[in-house]
Amino acid sequence: MRFSSELEHSSSAMLSLLRGCKTIRDFNQVHSHIIRGGCEQDHFLITHFISICAAVLPSNLSYPAAVFDCVTRPNIYLWNVLMKSYCQNSSLNECFSFFKRMKSGLDVVPDKYTFPSMIKACSNVSALEEGRVLHGVTVRCGTDGDVFVGSSLVDFYGKCGQIDCARKVFDGMSVRNEVSWTAMMVGYLSFGDMAAAKSLFDEMPKRNTATWNAMIKGLVKLGDLNCARNLFDEMPVRNEVSFTTLIDGYAKGGDMAAARSLFDQLTHKDLFSWSALMSGYVQNGKACEALKAFSEMQDSNLKPDEFIMVNLMSACSQLGCSELAKWIDSYMKNGSFDLRRAHVAAALVDMNAKCGNMERAASLFEEMPKQDLISYCSTIQGLCIHGFGSQAVHLFDRMINEGIRPDDVAFTVILSACTHAGLVDDGCRFFELMVNSYLINLTPDHYACMVNLLGKSGKLESAYELIRSMPVESHAGAWGALLEACRVNCDVDLGEVVASRLFELEPHNAGNYVLLSNIYAEADRWSNVFNVRDKMSKSGVRKVPGCTYVESTMAA
């Protein structure tokens, strides 16, 4: 970045160059010329410097803070612009530390522009006590009557679940705008009070697009897609958010045909809408459709972001396609993606693990700045899928030793690993740990895993007693696992008891009839085999023909 001598003394020219800064080096050069031009105390120029620098380099607030510290007597505008940057990019503790420093100054008093960003920072982390303190300060500073401060407080209390406090602030506002009304309505929606939200929506003197979108989002969250669609159709003006919200709702409801139809009506398709569509396909087990959508997006010259790539990795994980996994991995490494971000790293680990590259998955896992429950479970599941049961057990124990608390899903993963590897003692140890140490409510899946584990090890009576002791409703998966164990161990008597229960639970599942028939056949009880087949025929139960999936690596 080059400067002529006359530019050094031109504040407007400096500002123009400042807006073109992209790197820390650019800012350093502009700053040196600001100092050389004697503009270091120019509040207008320094305010813009801090604002632009914080926006371009959000992870490096120490630099704009150092520039701020060089100003002898910063005015309220300078304090507010740096305060806003702290609230957007730093911890709540840092925000309050800077706020205390601001209050201790003799030349400035917090104004109506100081508080909204701070209150929003409290809202983002549901910091109720800190937000209440700020509310008190706004009263003492005489800014609580400002419409933007009031709207921020309504939003804050609503997000913290204090709906009565939100309503009290809302009712006390002498002036309200669309933001105030929308914040109160969103509070009711978050609280689950649809009637109050709808009543407020109908009362609003004026609605903006954000208001309509918030109401549609609330209806989608409650699963009322019909009302959400009716409201969508009534909207005077729709934007990408309107479409994306309803697309996401249809996807979560399993109606991908409606989601795709709505997506195709969207004139301008941005990354959020593509991500909603791809995520919907992945959630509904339509991985191939997600890949097609990604290809369509590339054809439209849109560059994918990390969320699109996470959806693509999830689709690849479902397919187990090793060649695609290699391409994605390479694309991520060569692109401008931050592989250290938790959700990106976890998706990469999960994809490589499920697509057979455990060496790469393990390497990525160990390189993570901080392993969490999701990344541990992804790696453990990968080890389980590819036959490394002992390593899966070792990793689960390591996770517990590191102080990460396993949930019900994590225990399902490790119990499945023990079942596949035949590790009965470890499986029983984890089951006992889950019940006695972590006090986790057992699900039918947990029982099915244990029944399967005990059955495969020949402990059929123990498996049968466990399934009979289930406090939850009988689960066909658990009974099916026991029936398979009866076949493996040629236990005809128990097999008949189990099959009888399965016929009650799943009268049209041909697999249960076939399993019982096989048990009889292996015991040379052919008359019973014919009786089972005759029963299938009379009940209209038909065996589903098998099929084979072949992954093609040939180019089209």
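1. Arg-487 is a residue to start with, since its relative accessibility of 22% makes it partly exposed (buried means under 20% relative accessible area, exposed over 50%, and partly exposed in between, with a 1.4 Å probe and protein chains only). Arg-487 forms a salt bridge with Glu-522, in which the closest N and O atoms are 3.2 Å apart (a salt bridge is a side-chain nitrogen of Lys or Arg within 4 Å of a carboxyl oxygen of Asp or Glu). The pair connects distant parts of the chain, 35 residues apart, with Glu-522 in helix α31 (residues 510-522) and Arg-487 in helix α29 (residues 476-488). Glu-522 is likewise partly exposed, at a relative accessible area of 41%.

2. A word on the basis of these values: this is a predicted model, in which local features need pLDDT of at least 70 and side-chain atom pairs count only at pLDDT 80 or more, whereas totals for chains, interfaces and linings use all residues. Residues are numbered from 1 along each chain as its sequence is written, and side-chain values use heavy atoms, with hydrogens and water left out.

3. Over the whole structure, a search finds 26 salt bridges. Among them, the one between Arg-73 and Asp-107 has an N to O distance of 3.1 Å. Arg-73 sits in the loop between α4 (62-69) and α5 (76-89) and Asp-107 in the loop between α6 (92-104) and α7 (115-124), so this pair ties together parts that are 34 residues apart in sequence. Helices are DSSP runs (H or I, at least four residues), numbered from the N terminus. Arg-73 itself is exposed, with a relative accessible area of 55%.

4. Within helix α8 (residues 128-141), Arg-132 and Glu-129 lie three residues apart, about one turn of the helix, and their side chains meet in a salt bridge of 3.4 Å, N to O. An α-helix has 3.6 residues a turn, so residues three or four places apart point the same way.

5. Which residues of α6 are buried? They are Leu-92, Cys-95, Phe-96, Phe-98, Phe-99 and Met-102. Seen down the axis of α6, these buried residues fall within an arc of 160°, so they line one face of the helix (the arc is that of the directions from the helix axis to the C-beta atoms). The face turned away from the buried side of α6 carries the exposed residues Asn-93, Lys-100 and Ser-104.

Technical notes
Helix = DSSP H or I, 4+ residues; strand = E, 2+ residues; numbered from the N terminus.
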